[in-house]
There are 2 protein chains.
Amino acid sequence: MSSKEIIEKQIQAQGDLVRQLKAAKESKEKIAEEVAKLLQLKASLNDGNQTAPSNQKFVLKTPKGTRDYASEQMTIRNSVLDKVINVFKKHGAVTIDTPIFELKEVLTGKYGEDSKLIYDLKDQGGEILSLRYDLTVPFARFLAMNKISNIKRYHIAKVYRRDNPAMSRGRYREFYQCDFDIAGTYDEMIPDSECVRVVHEILTSLNIGKFVIKLNHRKLLDGMFEACGVPADKFRSICSAVDKLDKSPWEEVRKEMIDEKGLTDEVADKIGEYVRLSGKGELVEKLLADSNLIKSKSAVEGLEAMKLILKYCQIYGTLDQVSFDLSLARGLDYYTGIIYEAVLLGETGSGDDVAVGSVAGGGRYDTLVGMFDPKHKQVPCVGVSIGVERIFAVLEAQLEKNKSKVRTTEIEVYVASAQKNLFEQRMLLCKELWDAGFKVEHSYKKNPKLLAQLQHCEDESIPLVIILGESELEKGVVKLRNVTTREEVEVVRGDLPQELKARLSLVTNCLA
Amino acid sequence: MSSKEIIEKQIQAQGDLVRQLKAAKESKEKIAEEVAKLLQLKASLNDGNQTAPSNQKFVLKTPKGTRDYASEQMTIRNSVLDKVINVFKKHGAVTIDTPIFELKEVLTGKYGEDSKLIYDLKDQGGEILSLRYDLTVPFARFLAMNKISNIKRYHIAKVYRRDNPAMSRGRYREFYQCDFDIAGTYDEMIPDSECVRVVHEILTSLNIGKFVIKLNHRKLLDGMFEACGVPADKFRSICSAVDKLDKSPWEEVRKEMIDEKGLTDEVADKIGEYVRLSGKGELVEKLLADSNLIKSKSAVEGLEAMKLILKYCQIYGTLDQVSFDLSLARGLDYYTGIIYEAVLLGETGSGDDVAVGSVAGGGRYDTLVGMFDPKHKQVPCVGVSIGVERIFAVLEAQLEKNKSKVRTTEIEVYVASAQKNLFEQRMLLCKELWDAGFKVEHSYKKNPKLLAQLQHCEDESIPLVIILGESELEKGVVKLRNVTTREEVEVVRGDLPQELKARLSLVTNCLA
């Protein structure tokens with residue numbers, strides 16, 4: 001076959017695939033991806049036949065697992081981030097930024113088997129670089145490199161993972177992380193309990209429904225494994241298995257522990273008894289009375305720490321939403337103390353609460369910075385990462401459900417003209433209003449129709465419109481119209497700024 | 001030689017190089033770079049000798065041409081960007097975002113010989129990707145892909161260029177761009193003159209000194225080349241030569257035109273006559289009376305457009321800072337109409353203004369979007385890019401010169417304790433004040449010294465401090481201290497929120 005014939009065969013096969021996917025009602029993303037391949041094949045066929053300009057050869061798309069954010073999405077994002085940042089600032093956090101890529105070695109050995117998901121840059125003669133995978137490792141590198149031993153900082157930025165993401169479920173290869181961390185040597189559980197308070201304030205201010213903040217402690221987990229008879233070299237891998245309990249039933253996790261990780265039935269069942277426990281202070285007391293458990297020094301330390309943080313949560317007013325949960329494990333190796341996870345709650349048909357998704361997570365990592373310091377100087381850290389992508393998705397879905405419209409601009413006043421040839425008058429008035437600090441726009445056409453201008457104001461939810469007409473201009477007045485009520489008044493030109501200020505303070509001009 | 005001996009030789013040579021650079025008082029960046037190489041060599045030598053943990057092997061640095069932004073820099077940046085965004089919003093712009101990388105083909109053929117500076121990602125099995133080089137090409141791709149034919153948007157994001165940047169002069173491989181563009185088919189020079197107004201408002205609001213906004217028109221440049229006798233196929237390359245006039249004297253540019261680009265002396269000298277001209281409306285009139293120039297249809301069209309935009313600049317109140325400048329050419333190929341460049345002015349010793357650096361640039365590009373559309377559907381665009389990196393550098397230098405301190409947090413009230421064991425009382429008061437919306441912090445130590453707490457407030461410019469003491473707690477009052485004046489009053493605990501609100505509105509609590 002000629003190469004042309006080969007491509008034609010490929011096009012035929014790909015076309016069949018697309019039709020099958022459509023018939024099977026596969027996800028839009030999946031279909032779009034295969035359609036893109038089809039178009040690419042067709043384009044490559046054309047290349048041989050004609051001298052198409054080089055800019056036409058490729059399929060117009062964003063890279064796999066990424067997307068553009070249109071203005072509506074950006075408006076929702078910025079409004080969420082404003083609220084999140086406000087809470088961080090209420091707690092005195094500064095912000096920093098680090099490059100989007102790091103020397104590859106900085107990331108090596110920090111993410112376990114997930115390292116294969118790191119994006120590498122091409123070696124173009126120079127350093128070997130990778131895109132950042134999270135914000136915690138760059139933060140630890142930043143602290144060690146700049147010899148900073150205490151800081152309270154937030155960092156909101158994009159991170160990159162070469163995952164095969166379920167885009168339909170809001171997971172992408174490029175996504176935002178939003179981290180708050182407290183580094184420094186302080187008294188026990190004080191910064192740790194403030195992190196819980198920060199998560200609590202954020203989720204409350206976002207008004208996205210009921211939530212619970214689960215707490216556990218790595219030392220208690222280790223002590224519990226010890227008490228159950230897990231060999232010390234299996235603590236981390238059993239911890240990973242426990243971490244799956246939020247997605248899998250106990251029976252599956254038990255099977256993994258026995259079949260894959262080599263625990264005996266008896267040991268696994270002992271763990272099973274513990275990990276179904278959750279509660280608050282009374283659970284701490286119960287476990288402190290567990291003669292088997294408290295043989296482990298690590299378990300007792302973990303329980304004492306839990307007791308303290310629960311007391312602080314009570315003082316900080318977060319205890320009602322806090323749950324001490326022995327099934328919480330967190331995947332990452334570097335946690336050394338308290339661990340957190342906040343979960344949104346939905347209602348089941350029968351009125352019970354059910355977890356619908358994790359929206360924050362974190363914990364204490366006291367040894368990560370030392371991994372970067374030449375002398376292994378430790379800087380203890382504790383922090384939380386707010387799952388803003390999940391929150392964006394929840395809010396976008398809410399808006400769609402309520403058919404709410406998002407205002408993407410903040411224009412306060414539109415300057416319209418009722419007749420032809422008033423274009424320069426419009427420009428002049430815009431100039432005066434911009435000078436006075438108002439958010440103003442007008443049509444970029446010289447002689448737009450009045451109806452089209454008014455329609456634009458309604459479409460864009462612009463609250464006020466000034467209508468210029470020749471007769472009013474002669475009298476030194478303008479017509480001011482409330483777009484919602486359609487009520488119109490005449491205002492003396494010189495009084496416009498005060499009049500606009502007064503009327504704008506009355507109209508509700510915000511997004512939900 | 002063994003590999004160990006080779007490395008030892010290399011270390012010796014590199015050590016000599018570092019000493020030479022220090023002796024020659026080379027730039028800090030250069031020296032740091034070579035020291036880093038030296039340390040890397042030393043580290044690789046150790047690898048063979050001992051089993052150092054893998055995290056110790058590499059030099060702790062950010063990739064070449066990049067840097068971390070500490071909290072002081074972020075504070076300056078965010079304050080500049082807030083002002084810039086406010087102006088964009090005053091003009092009704094929405095914002096969008098695009099992925100940090102694009103399919104390599106999207107960028108191919110858009111940047112001429114600068115394409116070699118594009119960062120590529122490693123082929124890890126999948127699409128061939130590159131980091132974005134600017135925000136204009138992704139914007140054009142976004143418009144074509146989403147079939148958007150009119151939008152007014154701003155986009156502030158990082159872009160990447162594998163340049164050999166002069167970091168000492170504030171140029172980096174990773175830097176922010178800050179673009180405002182108006183896409184759509186509108187009446188002539190209306191969006192174009194609003195872009196000038198946007199630049200004018202931004203530079204005025206930033207208060208960074210005198211500036212001039214240079215304007216020219218690609219059609220006039222082409223017509224001028226035509227009238228001077230430049231062959232049509234040399235228009236773009238002669239345009240690139242003219243573009244160097246902001247950095248090189250005419251004599252050098254003339255030499256390039258003759259020696260490298262093959263113009264005759266006579267043609268080059270004719271161009272020289274024109275490019276030294278600048279002015280406003282009177283210059284347009286003078287050129288419209290130039291019998292040689294107006295033989296070119298393109299020149300006349302360019303001049304009529306200039307006449308119109310200068311009139312609109314007068315209406316929009318920007319004309320005083322505008323200069324019609326025939327030496328302005330702009331490097332990029334894709335401009336098709338008006339072009340802009342804003343320049344900051346410094347004073348020479350003799351009191352004359354002198355250009356100290358470009359802080360904004362842009363122009364009209366009516367054919368770029370069509371390059372992405374399968375049917376070559378055009379979407380006319382005009383826009384400006386604000387040179388925020390230059391602006392940050394200018395402001396950082398100003399702050400350093402004035403020894404001004406930047407406040408990096410917004411904490412309003414610090415809760416201190418005067419005696420031991422008041423820690424939980426402090427926590428409780430913080431909780432109450434956070435609940436009331438105040439920005440509050442306290443020490444993460446249980447029993448900090450009062451003096452240390454007060455010193456922290458002074459260091460961080462926190463305006464108010466509440467001092468808890470046992471005797472006051474018994475009376476149901478707290479001591480409220482103004483950190484600057486050191487004046488103290490007793491306030492009834494229940495009155496704190498109102499009292500704090502009143503006092504905070506009095507203290508100046510902002511950064512310069």
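Trainee: What should I know before we start?

Mentor: This is a predicted model, where local features need pLDDT of at least 70, side-chain atom pairs count only at pLDDT 80 or more, and totals for chains, interfaces and linings use all residues. Residues are numbered from 1 along each chain as its sequence is written, chains are lettered from A and ligands numbered from 1 in the order in which they are written, and side-chain values use heavy atoms, with hydrogens and water left out.

Trainee: How many helices and strands does chain A have?

Mentor: Chain A has 17 helices and 16 strands. Both are DSSP runs numbered from the N terminus: helices are H or I with at least four residues, strands are E with at least two.

Trainee: And what share of chain A counts as buried?

Mentor: 54% of its 512 residues. Buried means under 20% relative accessible area, exposed is over 50%, and partly exposed is in between (1.4 Å probe, protein chains only).

Trainee: OK, rings. How many aromatic pairs are there over all chains?

Mentor: The count is 24. Rings of Phe, Tyr and Trp (its six-membered ring) pair if their centres lie within 6.5 Å; planes under 30 degrees apart are stacked, over 60 edge-to-face, and the rest tilted.

Trainee: Why is the pair of A:Y119 and B:F101 called tilted?

Mentor: Their planes sit at 45°, with the centres 5.3 Å apart, so the pair is tilted. It crosses between chains: A:Y119 is in the loop between helix 4 (104-107) and strand 3 (129-131) of chain A, and B:F101 is in strand 2 (residues 101-103) of chain B.

Trainee: Buried or exposed, those two?

Mentor: A:Y119 is buried, at 3% relative accessibility. B:F101 is buried too, at 0%. B:F101 also forms a tilted pair with A:Y160, 5.6 Å centre to centre and 55° between the planes. A:Y160 lies in strand 4 (residues 151-160) of chain A and B:F101 in strand 2 of chain B, so this pair joins two chains. A:Y160 counts as buried at 0%.

Trainee: What about A:D120, where does that lie?

Mentor: In the loop between helix 4 and strand 3 of chain A. A:D120 is buried, with a relative accessible area of 8%. Leaving aside neighbours within four places in sequence, A:D120 has contacts (heavy atoms within 4.5 Å) that include A:K104, B:L121 and B:K122.

Trainee: Which charge lies over the face of A:Y172?

Mentor: A:R67, at 3.8 Å from the ring centre. The rule wants NZ of Lys or CZ of Arg within 6 Å of the ring centre and within 35 degrees of the ring normal. In chain B, B:R153 lies over the face of B:F139, at 3.9 Å.

Trainee: Switching to helices. At what angle do helix 8 and helix 9 of chain A pack?

Mentor: Helix 8 (residues 235-243) and helix 9 (residues 250-260) of chain A pack at about 160°, axes 9 Å apart. That makes them roughly antiparallel. Angles under 35 degrees are roughly parallel, over 145 roughly antiparallel, 65 to 115 roughly perpendicular, and the rest oblique. Axes are lines fitted to C-alpha atoms, for helices over the stretch in contact, with angles from 0 to 180 degrees between N-to-C directions.

Trainee: Which residues make that contact?

Mentor: A:I238, A:A241 and A:V242 of helix 8 of chain A, with A:V253, A:E256 and A:M257 of helix 9 of chain A.
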